[in-house]
Amino acid sequence: MNIEQLKRELVLAIPDSGVLFERAVEACKKRPPPSRYRRKLEAIREDTLKCIDRAYKVLENHLRKVVETSPFIENLHPLFRDLLLLNINVDEYKVCLSRLNSSRRIIGKIYHESRKRIKTASGIRETLTARRTFFGRIFSVLETLTECLKKVRSFQEAFLRLPEVDTELPAAVIAGAPNVGKSTVLRALTRAKPKVSPYPFTTRELIIGIFERGDLRVQLIDTPGLLDTPLEDKNRIERQAILAMRHLASLIIFVIDPTETCGFPLEFQKTVFDQIVSSFSDTQVVKVVNKIDLATQEHLDNARKFFGGSDIVYISADKKLNLNLLESVIEKVFREEAQSSQKKELGS
Ligand SMILES: Nc1nc2c(ncn2[C@@H]2O[C@H](COP(=O)(O)OP(=O)(O)OP(=O)(O)O)[C@@H](O)[C@H]2O)c(=O)[nH]1
Ligand SMILES: [Mg+2]
């Protein structure tokens with residue numbers, strides 16, 4: 001199942017177990033159909049059984065759906081697993097899911113015991129006491145779940161925020177220092193509309209666009225800007241970019257701002273570049289010098305000095321200059337990749 005489907009099917013854990021208890025009580029109170037019994041005790045017994053049936057169904061249905069639709073971390077693609085690990089404590093989540101499950105069993109036991117007591121009650125008072133006891137015991141179980149329901153809920157919310165990456169589709173990751181024009185590149189090459197602003201740290205999560213050329217479809221992934229700190233010191237936001245490169249990228253589109261209007265000198269941008277190249281030595285990297293509409297000859301010479309000459313693509317993402325050059329590079333890389341994986345399949 002892909003991430004979109006998993007998200008659609010997710011049933012949210014309610015944050016406050018008191019609300020769940022109220023729903024069960026409400027279900028119990030629903031006006032019962034007229035009793036078929038004429039004797040008062042039998043009529044009350046029948047109503048009481050129906051009351052706890054409805055209350056139990058509400059609790060069981062909700063808890064079961066929460067447990068069944070909350071994804072198993074182990075079954076997720078490593079990108080999603082690692083992105084979740086940035087924000088939540090997975091061990092706590094797992095413990096909570098299994099506690100929800102064991103509470104379902106306890107609630108089931110309370111329900112069956114209560115039914116038995118109601119069926120064998122010898123008078124009205126005993127019947128009503130059995131009902132009160134049922135709700136009292138249920139309340140105590142739910143009370144112990146308050147923290148867990150909250151934790152599962154916050155995990156689910158983190159899950160709903162995951163980027164809708166299609167892990168089956170080939171992907172190129174757009175990376176670089178902050179404010180160099182990465183999101184503008186994504187806007188220029190796809191129909192995605194990421195936020196663009198003249199300030200650094202605008203993009204704070206992974207953003208997907210689909211690049212299409214003929215029958216070729218490639219996912220382009222815009223990422224938060226990277227600083228020149230070592231990989232192990234990256235903050236939570238930057239790490240998303242690293243994870244996208246690690247788990248998805250067949251190509252890294254490294255965007256450079258030769259004008260330095262981004263606020264980060266070329267030397268800084270080169271440090272970021274070197275870290276990426278050394279960390280992802282098996283991944284192809286294309287160097288894209290952006291903002292050529294703004295750049296002087298000196299800017300371009302400097303960029304060449306820092307990043308080496310022949311294989312740089314020069315564009316203006318904002319003014320849409322030379323975009324076809326970058327598009328051709330992307331097309332070439334992914335057509336070659338498709339061919340080589342076809343060959344591998346035929347060979348195997
Ligand atoms: N003149 C000019 N400005 C550009 C070009 N590309 C981007 N910009 C401007 O540069 C600024 C930053 O652009 P973004 O696309 O938001 O940069 P980013 O790299 O995604 O920034 P972060 O998400 O903060 O890392 C914006 O003001 C853009 O309009 C370009 O080709 N020419
Ligand atoms: Mg951006």
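## Surface and conventions

Accessible areas here come from the Shrake-Rupley method with a 1.4 Å probe, and for residues only the protein chains shown count as cover. On that basis the protein exposes about 18300 Å². Carbon and sulfur atoms supply 50% of this area.

This is a predicted model, in which local features need pLDDT of at least 70 and side-chain atom pairs count only at pLDDT 80 or more, while totals for chains, interfaces and linings use all residues. Residues are numbered from 1 along each chain as its sequence is written, chains are lettered from A and ligands numbered from 1 in the order in which they are written, and side-chain values use heavy atoms, with hydrogens and water left out.

## Overall fold

The protein has 12 helices and 6 strands. These are DSSP runs numbered from the N terminus: helices are H or I with at least four residues, strands are E with at least two. The radius of gyration is 29 Å, well over the 20 Å from the globule rule for 348 residues, so the protein is more spread out than a compact globule. That radius is taken over C-alpha atoms, and the rule is 2.2 Å times the number of residues to the power 0.38. Along the principal axes, the C-alpha atoms fill a box of roughly 100 × 45 × 30 Å.

Of the 348 residues, 47% count as buried. Buried means under 20% relative accessible area, exposed means over 50%, and partly exposed lies in between (1.4 Å probe, protein chains only). Contact means heavy atoms within 4.5 Å. Among contacts with a separation of 6 or more, residues 24 or more positions apart account for 74%.

## Charge

The protein carries 57 positive and 46 negative side chains. Lys and Arg count as positive, Asp and Glu as negative; His and the chain ends are not counted. The centres of the two sets lie 12 Å apart. Each charge is placed at NZ of Lys, CZ of Arg, CG of Asp or CD of Glu.

## Magnesium site

The magnesium ion (ligand 2) is coordinated by S183 through OG and by T203 through OG1, at 2.0 to 2.1 Å. The pair links distant parts of the chain, 20 residues apart: S183 is in helix α8 (residues 182-189), and T203 is in the loop between α8 and β2 (207-213). Both S183 and T203 are buried. Donors are N, O and S atoms within 2.8 Å of the metal (3.2 Å for Na, K and Ca); water is not among the atoms, so sites may look incomplete.

## Positive phi

Most residues other than glycine have a negative phi. F201 is not a glycine, yet has a positive phi of about 65 degrees. F201 lies in the loop between α8 and β2. At 41% relative accessibility, F201 is partly exposed.

K291 also is not a glycine, and its phi is near 65 degrees. K291 lies in the loop between β5 (284-289) and α11 (297-307). With a relative accessible area of 16%, K291 is buried.

## Buried helix positions

L326 sits in helix α12 (residues 323-347) and is buried at 0% relative accessibility. Leaving aside neighbours within four places in sequence, L326 contacts V185, L189, I253, V288, V313 and I315. L326 and I253 are 73 residues apart along the chain, with their C-alpha atoms separated by 9.2 Å.

T48 lies in helix α3 (residues 40-69). T48 is buried, with a relative accessible area of 2%. Not counting residues up to four places away, T48 touches I118, T127, L128 and R131. C148 is in helix α7 (residues 146-160) and is buried at 4%. Outside four places in sequence, C148 contacts C96 and R99. C148 and C96 are 52 residues apart in sequence and 5.1 Å apart, C-alpha to C-alpha.

## Strand and loop positions

Q219 lies in strand β3 (residues 216-222). Q219 is buried, with a relative accessible area of 1%. Not counting residues up to four places away, the contacts of Q219 include E164, V165, D166, I208 and I210.

T283 occupies the loop between α10 (266-279) and β5. T283 is buried at 17% relative accessible area. Beyond four places in sequence, T283 touches A249, S250, L251 and I252.
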